[in-house]
Amino acid sequence: TTVLFLDSWISREVSIKFHMSLGLDFVALPPGTPLSSVALRGALDGSGRQTSPEALPAPASSNTIPNLPPQQSTGTSLLSAGLAFGLALSAVLRPHRSRRGRGTPMRRSSSATKTLANTSNSWPRPGDFESCRADFPALQEEYEPGKRIIYLDNAATSHKPQQVLAKLEHTYKHENSNVHRGMHRLSVKATESFEAARATVAAFVNAFSFEEIVFTRNATEAINLIAQTWGRSTLQAGDEIIVTIMEHHSNLVPWQMVAEATGATIKYVGLSDENALNMEQFMAALSPRTRLVAVAHVSNVLGCENRITEIASKAHEVGAKVLVDACQSVPHKPVDVRELGVDWLVASGHKMCGPSGIGFLWGRASLLRSMPPFLGGGEMIDTVTTSGFTCAELPHKFEAGTPAFAEAAALGAACDYLSALGMDRIEEWEGQLARHLWQRLSEVPGIQIYGPTPEQHQGPRAPLCSFNIEGVHPNDLATLVDQESGVALRAGHHCAQPLHEALGVPSSARLSAHFYNTFEEIDLAVA
């Protein structure tokens, strides 16, 4: 029997992770340490009482994730821990059963959750999009002396604020250790940052529990995880997968691979006359054989937002699961997985002011538990014997090997940064940028802009426009504006070749803004 004594405050998520990953039988905590109703196999509070999951006190507010309080250490905590140790010894003489509960619901805050240590001097003020430009070192780069670059390639990747870069550097300088399983202070600090980042991401999308957040390399890996676990174990010959013609290759190729392996059929939903999703086609494609609907929240080419709540409701009526690619929505608008009503949602950190090499999968806990593991190895196991293995609890069941713990911590800082600005305010400001971008581009002679107009679109368009100009190849245009004006413009098929085929063109140029862009930059880029 193993007892862990903790004479300092820790987050409930880290407490639970210590318990699960280290195989502890008891955790002794100082008086007043907040715990949620999540099972610890024989948790003892600092007063020496053995607590059951039902007896654990509720957090101060069920709508927020508690901050990590400052470190505290008192003589009474050690005394209480000693009493707890005595009760722990006596408790081992009584049989006890491992119990497990669900995490507490999480509500995203309009301001920074601050679950991560603030490694920068300050966070941005809500809605202060002009001053926050100084937080981004890459925006200060010059293509000629005295002339800064104009970065309008945010749909491909975003720039990183100093606060995120500082968190990444801080982690490698002061918390560099393999997470979980380690008992020394560096491992504990790294684990705290890693698991706090998970809780921050969970709050950012309003997940039901932190255990529903699985860290991946990116959204592409997250979709492949679903395809290779749920897809291969569930789909059969004759089953149907519905995807849209506007999907990024990451939400198309994995399903083509699974369909080939299982005999399932893929149905494609095309475009309306306004170059938005054809909802009539979608409704007609649904059938009792539909098992999955895979759809982008926002198109990375057309800039239109799909009606996910309605799509999910209709799909669930026929018993289908719904996967949402939220790479172009999570960085730009409030995204609430509970309101969307979907089964899985994926996003990439590098598009939301976080580092590359880190993304996440959100999935309903019951669904994730039913899925087989993705990769085998360390970290994803509970026990291993010569005859087999058992999987770890969620979310670690899907996180084989050493994770990108520093990148995860920096992703948490990115969520805090976006939350400090306010996602509602980001959406409002970027709606203005989107309208201005469309208006200025529409003044260019011989231009064809793809996607619904601002007037045709229900709600604000995403702040991106893909287009072609008569007589000008997109590659030539991208080279020209970069050399002459320092404008970062994307040219190509944007990982959406079937969509470009449906539009009747091989490629397009694309300008895409983020909250740190300005009207003046758009004017200079289009001039």
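## Close-up views of a predicted model

View 1. With a relative accessibility of 19%, Ala276 counts as buried, since buried here means under 20%. This is a predicted model, so keep that in mind as you look around. Ala276 sits in the loop between strand S8 (265-269) and helix H7 (279-285). Which residues does Ala276 touch, leaving aside its neighbours within four places in sequence? The contacts of Ala276 are Met246, Gly270, Leu271, Cys304 and Pro452. Look also for Gln456: in sequence, Ala276 and Gln456 are 180 residues apart, yet their C-alpha atoms are 9.3 Å apart in space.

**View 2. The whole chain, for orientation.** The chain has 527 residues, and 57% of them are buried. Its secondary structure comes to 15 helices and 19 strands. Take the contacts between residues at least 6 apart in sequence: 70% of these join residues at least 24 apart. The pair Ala276 and Gln456 from the view above, 180 residues apart in sequence, can be kept in mind as a pair to find along the chain.

**View 3. Helices H5 and H6, packed against each other.** Here you see helix H5 (residues 219-234) and helix H6 (residues 253-262), whose axes lie 9 Å apart and meet at an angle of about 20°. Angles under 35 degrees count as roughly parallel, and H5 and H6 are therefore roughly parallel to each other. The crossing of H5 past H6 is right-handed. On the H5 side, the contact is made by Ile223, Asn224, Ile226, Ala227, Gln228, Trp230, Gly231 and Arg232. On the H6 side, look for Pro254, Trp255, Val258, Ala261 and Thr262. How many nonpolar, polar and charged residues does the contact of H5 with H6 have? Sorted by class, there are eight nonpolar, four polar and one charged.

**View 4. Ile226, a closer look at one residue of H5.** Ile226 lies in helix H5 and is one of the residues that H5 brings to its contact with H6. Is Ile226 buried or exposed? Ile226 is buried, and its relative accessible area is 0%. Not counting residues up to four places away in sequence, Ile226 touches Gly231, Trp255, Leu323, Trp344, Val346, Leu361 and Met371. Trp255 in this list is also one of the H6 residues in the helix contact.

**View 5. Strand S9 and its parallel partners.** Strand S9 (residues 290-296) has six of its seven residues buried, so S9 is largely enclosed by the rest of the structure. Strand S7 (residues 240-244) pairs with S9 in the parallel sense, over four bridges. To find your place in this pairing, look for Glu240, which stands opposite Thr290 in S9. S9 also pairs with strand S10 (residues 321-325), again in the parallel sense, over five bridges. In that pairing, Ala296 stands opposite Asp325 in S10.

**View 6. An open sheet of four strands.** The order of strands in this open sheet is S15-S16-S19-S18, and the pairing is antiparallel.

View 7. Five of the five residues of strand S19 (residues 508-512) are buried, so S19 is largely enclosed by the rest of the structure. Ser508, Arg510 and Ser512 point one way from S19, while Ala509 and Leu511 point the other way. Strand S16 (residues 464-469) runs antiparallel to S19 and is joined to it by four bridges. Cys465 stands opposite Leu511 in this strand. Strand S18 (residues 490-492) also pairs with S19 in the antiparallel sense, over three bridges. There, Ala491 stands opposite Ala509, and Gly492 stands opposite Ser508.

Definitions and conventions: Residues numbered from 1 in each chain as written. Predicted model: local features only at pLDDT ≥ 70, side-chain atom pairs only at ≥ 80, totals over all residues. Heavy atoms only, no water. Axes fitted to C-alpha atoms, helices over the stretch in contact; angles between N-to-C directions. Helix = DSSP H or I, 4+ residues; strand = E, 2+ residues; numbered from the N terminus. Parallel < 35°, antiparallel > 145°, perpendicular 65-115°, else oblique. Left-handed = near helix turned anticlockwise from the far one by under 90°. Contact = heavy atoms within 4.5 Å. Nonpolar A, V, L, I, M, F, W, Y, C, P; charged D, E, K, R; others polar. Buried < 20%, exposed > 50% of the residue type's maximum accessible area, 1.4 Å probe, protein only. Pairing = 2+ DSSP bridges.
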